[in-house]
Amino acid sequence: MIHLKTPEEIELMRESALIVSKTLGILANEIKPGITTLYLDKLAETFIRDQGATPGFLGLYDFPNTLCMSPNAQVVHGIPNNTPLKEGAIISIDCGALKNGFYGDHAYTFEVGEVDKATQKLLKITKESLYKGIAAFKAGNRVGDVGYAIQKHTENEGYGVVRELVGHGLGRVMHEDPEMPNYGKRGRGKQFKEGLVVAIEPMINLGTHRINQLRDGWTILTADGKPSAHFEHDVAIVDGKPELLSTFQYIYKALGITSDEEVPFRKEPLVI
Ligand code: MG
Ligand code: MG
């Protein structure tokens, strides 16, 4: 069942989403070769609690930590540990926060030191596909329109679109209807309406789309061992159009990057 949100609820969801955005910005300052994912996890948990929120993933379906930390060939749902990150690695960090009864949930794939060209391109194209998907998330369009946009942009490069894991509706529950696959056919699936809030999150592999799961019961990794990228935003339909609730601007500020990629999806400029 789809739960459409009122404008007031959407503002509460923006608050939760921005707590996640700020958390990712703090982590961006810390990521370098030698750092451990468990250290970053504790940093994130402390910051989220300091905001009067609770970590959205900790304990959800019995997940043991605040962050899903998925380096290199891990797609999503990696568990933080004490292994130092290596120069040239990539790491997907997925974070959730719960405040005022609503979840924020978004993710970014970071480079650790200098990353090879093919992997850099995978990250660039995957992030572009996220915005292609967001552009298709408007009133009257359907689930398949978003999936089609993401799939077309990434498969054009020969990349693999993960099938088993999908984006989702977001609200008082972390995973609400509708499911938002990163593949699909135009004009198919549930229709988008005013007040719908979803997490759009392409999970794109450099090689095959096929995946395996580790025996820990959580970690998803590519079947061929090649890298995988993951970017996720929280988006609402406001006045019929996609409105970003989350932002990567805290990350970009930490990394010294400027980008206008979010401008088309925000009615008012974001002050950070
Ligand atoms: Mg997520
Ligand atoms: Mg999600």
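Visitor: Let us start with the metals. Which residues coordinate the magnesium ion (ligand 2)?

Guide: In this predicted model, the donors to ligand 2 are D105 (OD), H168 (NE2), E201 (OE) and E232 (OE), at 2.1 to 2.2 Å. Along the chain, these donors follow the spacing D-x62-H-x32-E-x30-E.

Visitor: Where do H168 and E232 lie?

Guide: H168 belongs to strand 7 (residues 167–169), whereas E232 is in the loop between strand 13 (228–230) and strand 14 (233–238), so the pair ties together parts that are 64 residues apart in sequence.

Visitor: And are those two buried or exposed?

Guide: H168 counts as buried at 4% relative accessibility. E232 is buried as well, with a relative accessible area of 0%.

Visitor: How far apart are the magnesium ion (ligand 2) and the magnesium ion (ligand 1)?

Guide: The two ions are 3.1 Å apart, and D105 coordinates both.

Visitor: Changing topic: how many aromatic pairs are there in the whole structure?

Guide: The search finds 9 aromatic pairs. One of them is formed by Y108 and F248, in an edge-to-face arrangement with 4.9 Å centre to centre and 75° between the planes.

Visitor: What does that pair tie together?

Guide: Y108 is part of strand 5 (residues 102–111), and F248 sits in the loop between strand 15 (241–244) and helix 5 (249–255), so the contact joins parts that are 140 residues apart in sequence. Y108 is buried, with a relative accessible area of 7%, and F248 is buried with a value of 0%.

Visitor: Which residues form the aromatic cluster with Y108 and F248?

Guide: The cluster consists of Y108, F110, F231, F248 and Y252.

Visitor: Which ring has the charged end of R163 over it?

Guide: That is the ring of Y183; the charged end of R163 sits 5.2 Å from its centre.

Visitor: How many bridges link strand 11 and strand 12?

Guide: Strand 11 pairs with strand 12 (residues 220–222) over 3 bridges, in the antiparallel sense. I211 stands opposite T222 in strand 12.

Methods
Residues are numbered from 1 along each chain as its sequence is written. Chains are lettered from A and ligands numbered from 1 in the order in which they are written. This is a predicted model: local features need pLDDT of at least 70, side-chain atom pairs count only at pLDDT 80 or more; totals for chains, interfaces and linings use all residues. Side-chain values use heavy atoms; hydrogens and water are left out. Rings of Phe, Tyr and Trp (its six-membered ring) pair if their centres lie within 6.5 Å; planes under 30 degrees apart count as stacked, over 60 as edge-to-face and the rest as tilted. Helices (H or I, at least four residues) and strands (E, at least two) are DSSP runs, numbered from the N terminus. Buried means under 20% relative accessible area, exposed over 50%, partly exposed in between (1.4 Å probe, protein chains only). A charge sits over a ring if NZ of Lys or CZ of Arg is within 6 Å of the ring centre and within 35 degrees of the ring normal. Donors are N, O and S atoms within 2.8 Å of the metal (3.2 Å for Na, K and Ca); water is not among the atoms, so sites may look incomplete. Two strands pair if DSSP finds at least two bridges between them.
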